[in-house]
Amino acid sequence: MKKNLCVSFLCMMLGFTLLAGCGGKETGNKDAGAKKDLVISIGKGMTEGNYDPCKGYGIYGYGIFHTGLLKITTDVETDYDLASDYSISEDGLVYTYTIRDDVKFSDGEKLTPEDVVFTYETAKNSGSSVDLTMLEKAEVIDGNKVQFTLNKVYSPFIRTTALLGIVPEHAYNDEYADNPIGTGPFVVKQLDVNQQLIVEPNKYYYGTKSQFEQITFLSLDEETALANARSGELDLVMINPEYAEEAVEGMHLETIKTSDNRGFNLPCVKETTNSEGLVAGNNVTSDIAVRKALNIGISRQEIIDNALNGIGTPSWVRFDGLPWANDEPELKDNQVQEAEKILEQAGWVDTDKDGIREKDGIKCEFTITGRTDDLQRYNLAVALSENAKKLGIHIIAKSEDWTTCKDMIRNSPTCIGTGDYNFVDVYNAFASEFAGTEQTGLNNAAMYTNKTVDGYLTQALSSDSEEEIFDLLKKAQYDGTTGVNIDLPYLWLVNIDHTYLVKDGLDIGTQRIHPHGHGQPIIQNLNEWAYK
Amino acid sequence: MINTIKFISESFFRLLLLLIGVSILSFILIIHSPIDPVDAYVGAESNVSAQQRENIARHWGLDKSPVVRYTTWVKNMLQGDMGTSIIYQKPVSKVLLERFQTSLILMVTAWVLSGIIGFVLGVLAGSGQGTWYDKAIKAVCFVLSSTPVFWIGLLLLMVFSISFGWFPIGLAAPIGKAAQDVTIWDRIYHLILPAITLSITGIANITLHTRQKLIDVLSSDYVLFAKARGESKWTLVKRHGIRNIAIPAVTLQFASFSELFGGSVLAEQVFSYPGLGNAATQAGLKGDVPLLLGVALFSAVFVFAGNLSANILYGVFNPQIREGSKV
């Protein structure tokens, strides 16, 4: 009896081993063939389905199944795509796009201006991250043009038309989101939700066609991504910066510059309690001396080394890397003595010798928060707090859930991240429209007000050329005398670099600077990838 | 017969109470969780205007009071409509069904494996109390029962998939293979590591309890008498042991449905196995209320079914309990 049991147990183990053996051979065969397919892992979002632009797919600039009226170039400027021309009316309310007539959807049907109107109308009513609240109506005119009428002057609409992919009216149904038919470089071959997405080139695509017959996106856990990279089955894996120093045979690390920045808002007004009982304003950061001292006194590189394993580029401007960023007048950090002087001149002196400065009985201390679900942000908060000690500023770093962070943000600075291909971000960051103590949300959470800046921002909203818009937005940051870069309502620390392990020989082309969000931005030019 | 009807209706009533309780509790927990569903939907730091955020909230009914939202959900639920999942943009019932099919294979395999291996090891250890293999089995069980599932999963993945290359690195089907070409062997091959991972934590429990019970049985008077009659050790175990020690094993095994479900959440995460657990994680992280409620209800039914089967099986294994219920 005892023998029998042992034997059956052994048989079972043997069975597993045999099965395993079979599988091993299978993978061996696959690798032997020519490199016609790619396997990549860039986070879980890609395998959830929902590839419907009307419900927000691709709106952040890296959709692969659709194209828009305009596109965003590698310089983050707009260029024609499905539209061959566009014009904006004098009053800034009417946008007219001429639609190309030589484009086909991936099912072979022709793209029509009606499809464009259908897309915008569907998107407007879908209740999703596509914000078309400014759109009054969209209509076809002259047979080949689409005319959008806005209900307010809103120049960032240009960017929306560059980011929103067009869907075909004839093939749009409930199942569309899992098997989208679009004008982009790829089509879905197969989707196994939360497992893998297999795409193949769209044979009707009018741009550069991919040299791969199929590309598979795996849904791998971030924690196991590095382990999986070691298996050699993957051509590209997104990894967390914490693992960036790990070597994987046959792969190299690509560190990609981003506009994915992190920093803290520094409330510019004194503390008050608003009607909802929330404290808005901060008695310490409302003093420009403190904001300035922090900005020039800390060492951003040290903070990056301590919090992010050194993966990141120091930055003191919110939009670093984007065409509307202005880093005038230059700011140098790690000037401890200079910062101390500013603080002392403003009356912040350490009288009781506890290492923290005081002024009028107020200690130079405040609380900052980092999101509980994002270790990087908490690490940044802690590193900043350590770094500010030498200036005699006591920053208390706390970890709170995001909702609490947002509730406290107008009193306690929280670590925010931005980086968007839509320049409306500049307006949202600094416009006094969002500065009220009664308001909530992230927009201008520093409660910064400056009439001159407001003037530039308003002008930018009604401008009809991007060149002019960028110029105005830069002036809002610094026009030679005043601006955000002098008033410093934020303390920007770093542009987080995005890290990927890439198989040797795989060329991922010229990447447009990545926006906020690690993972998917890398596939913005997937059709241009090639093995060299 | 009347007893049976009474038993069934009582069980049904209990299930109903359970479901109501679970749904209310889950709903309250979700409402109070620090996840803002609109944020989760558009991305936490999106430049979407306040006006559009209101549109989104209205679209998903998030602007109504919790009581209204719950009653609407119950009303629809009674008509068989479990709502639409916010992340997958599909009916919850469809998501649940798809996911459960994948999970079921995984859980059943793991469950059977842990039951059989656990029981066999338990009998082996119990019958040879104090021997080297008893000590070895005991030691292994202590280690296993104090090890978290995801850690075992990660370890197995690193050793067997990455270092030895024997098993795939995850998923339920081969990478890049079209669904129609995926064979049953592919599926089994991809099932092995997650199933072993999931079964491992169950094994220790069953083994240790079976071992203890067998030791108790073997030191009883009737076994002493049987020994005196000259029965060999294995005949003893076979004739007097198995039936007696089956009860705790069965109880544990069926009661372990909840652990199985919980474990599958972690195991599926490590192996990117697209089952219910995986869906539950995504739903939780993104504040997908309809899906999370669906998963919660589903798991409640699942665990309830497990415990109910244990109750019924007691009678099958032990005539004393069967007789007792007739009184």
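Analyst: A salt bridge here is a side-chain nitrogen of Lys or Arg within 4 Å of a carboxyl oxygen of Asp or Glu. The model is predicted, so local features need pLDDT of at least 70 and side-chain atom pairs pLDDT 80 or more, while totals for chains, interfaces and linings use all residues. Side-chain values use heavy atoms, without hydrogens or water.

User: Which residue forms a salt bridge with Lys359(A)?

Analyst: Asp287(A) does, with the closest N and O atoms 3.2 Å apart. Lys359(A) lies in strand E17 (358–359) of chain A and Asp287(A) in the loop between strand E15 (279–280) and helix H5 (288–297) of chain A, so the pair ties together parts 72 residues apart in sequence. Helices (H or I, at least four residues) and strands (E, at least two) are DSSP runs, numbered from the N terminus.

User: Is Asp287(A) buried or exposed?

Analyst: Buried means under 20% relative accessible area, exposed over 50%, and partly exposed in between (1.4 Å probe, protein chains only). Asp287(A) is buried at 14%, and Lys359(A) is partly exposed at 23%.

User: How many salt bridges does the rule find across the interface of chain A and chain B?

Analyst: It finds 1. Lys90(B) pairs with Asp178(A), the closest N and O atoms being 2.9 Å apart.

User: What area do chain A and chain B bury between them?

Analyst: The size of an interface is often given as the accessible area lost when the parts come together. Buried area is that loss, taken with a 1.4 Å probe and summed over both parts. Chain A and chain B bury about 5100 Å², 54% of it on carbon and sulfur atoms.

Definitions and conventions. Residues are numbered from 1 along each chain as its sequence is written. Chains are lettered from A and ligands numbered from 1 in the order in which they are written. Buried area is the accessible area (1.4 Å probe) that two parts lose on being put together, summed over both.
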